[in-house]
Amino acid sequence: MKKNSLDLWVGLFVAIGLVALLFLALKAGNMSAFSFQKTYNVSARFDNIGGLKPRATVNSAGVVVGRVSSIGFDDQSYQATVTLNLEERYQFPKDTSAKILTSGLLGEQYIGLEAGGDADMLVAGGKITQTQSAIVLENLISQFLFNKAADKGSDKDSAKK
Amino acid sequence: MKNSTLNFLKDRLNGLGRSVRENIEALGFATRMFFAILGRSVALLKRPILVTDQIYFLGNYSFVIIAVSGLFVGFVLGLQGYYTLNRYGSEQALGLLVALSLTRELGPVVTALLFAGRAGTSLTAEIGLMKAGEQLAAMEMMAVDPIARVLAPRLWGGIIAMPILAAIFSAVGVIGGYLVGVPLIGVDDGAFWSQMQNGVDVMKDIGNGVIKSCVFGIAVTFIALYQGFQSKPTPEGVSLATTRTVVISSLAVLALDFLLTAVMFSK
């Protein structure tokens with residue numbers, strides 16, 4: 001009798017622990033975001049990927065259609081090679097273009113796909129040829145400042161004349 | 001005058017050498033004892049009730065203190081995190097902050113510290129008193145191995161109970177952070193959970209937290225057993241050993257946490 005009630009309490013304790021872990025994995029973690037859909041890989045080259053990370057989302061029209069599986073560097077063309085892991089139920093035309101976008105002003109970076117009009121579809125191991133690099137904030141700012149300075153300079157020149 | 005200075009220095013050096021030697025000896029004995037316990041654990045498979053007994057004693061009895069502390073740590077994280085994040089206008093990230101700090105650091109570490117205070121001390125005192133009452137010696141007289149009968153089930157009980165307690169702590173803490181953040185302060189419910197789910201990785205954050213708590217469980221339980229087994233069989237000896245358990249295992253947990261964090265979360 002005593003042994004049985006002991007087992008009951010210890011079993012309850014272990015069960016609460018498992019429920020806690022499950023709660024953490026499902027509610028706090030990204031376990032529920034794991035999809036068990038079949039996937040296929042396509043690759044894309046970018047001149048600059050900015051702050052893109054592996055496991056970043058791949059969106060099309062705002063819907064998650066896959067994830068970035070790996071990021072590499074190609075020392076022949078000096079470009080970044082990004083492998084995208086797309087869900088098999090979503091098919092894209094061959095001339096689909098990929099952009100690196102930012103959610104919000106300072107948010108995470110992700111890849112946006114825009115479907116083209118080609119009749120042929122991308123297959124596993126295919127390549128996305130039309131890409132647009134990430135916008136690097138520093139470059140934008142320096143460009144803006146440079147333009148400002150150039151404007152001021154030309155204003156002065158015209159005032160002298 | 002000169003002679004006395006020399007003698008003083010000589011005594012000091014002698015003392016230093018002795019303490020270094022004693023510490024290294026203690027380390028060697030602790031290692032030997034650890035492997036002795038592991039080696040005699042196979043017999044437990046035949047009598048798992050011994051381990052169940054210890055899980056009940058170490059785990060179930062610590063459940064209330066762990067759950068209540070987790071709830072309040074979650075409350076405080078929710079409040080403090082909100083005030084800090086609010087300055088940068090990103091209070092939406094409150095859920096992420098609460099969940100990451102709990103699963104990565106606070107869950108395993110605070111649970112281990114509480115476990116050392118709640119369960120470690122009672123282990124040390126129990127074994128120290130068994131030794132003082134010559135129960136361990138009596139067992140050996142009856143050809144019962146005290147390491148296999150007394151120490152091994154307690155070590156395994158601690159190793160099993162600790163990760164469960166840490167998981168409960170983290171889960172209750174997340175709920176506490178939610179209670180303060182969403183109904184009380186008014187952070188958006190959807191943003192709270194979705195930011196958390198985007199930022200917390202099951203393997204990297206929760207898995208590593210579980211590994212951490214297993215390591216802490218081994219460290220705290222073993223230090224408690226070692227101190228009890230090595231204590232002087234007097235009332236003062238047992239009380240000194242109990243104090244030492246808390247001090248040494250708390251320091252060990254914090255040092256191990258630094259090492260594990262450096263290995264796990266730095267790329």
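Modeller: Let's start with a helix pair: α4(B) and α8(B) cross in a right-handed way, meaning the near helix is turned clockwise from the far one by less than a right angle. It's a predicted model, where local features need pLDDT of at least 70, side-chain atom pairs count only at pLDDT 80 or more, and totals for chains, interfaces and linings use all residues. Residues are numbered from 1 along each chain as its sequence is written, with chains lettered from A and ligands numbered from 1 in the order in which they are written.

Biologist: At what angle do α4(B) and α8(B) pack?

Modeller: About 20°, with the axes 8 Å apart. Axes are lines fitted to C-alpha atoms over the stretch in contact, and angles run from 0 to 180 degrees between N-to-C directions. So α4(B) and α8(B) are roughly parallel, the word for angles under 35 degrees.

Biologist: And which classes of residue are in that contact of α4(B) with α8(B)?

Modeller: 13 nonpolar, 11 polar and 5 charged. Nonpolar is Ala, Val, Leu, Ile, Met, Phe, Trp, Tyr, Cys and Pro; charged is Asp, Glu, Lys and Arg; the others, Gly among them, are polar.

Biologist: Switching topic: how many helices and strands does chain B have?

Modeller: 9 helices and 0 strands, taken as DSSP runs (H or I, at least four residues, for helices; E, at least two, for strands) numbered from the N terminus.

Biologist: How many residues does each chain put into the A–B contact?

Modeller: Chain B gives 24 and chain A gives 21, with contact meaning C-beta atoms, placed from the backbone, within 7 Å. On the chain B side, α6(B) gives the most, with 6 residues.

Conventions:
Contact = placed C-beta atoms within 7 Å. Parallel < 35°, antiparallel > 145°, perpendicular 65-115°, else oblique.
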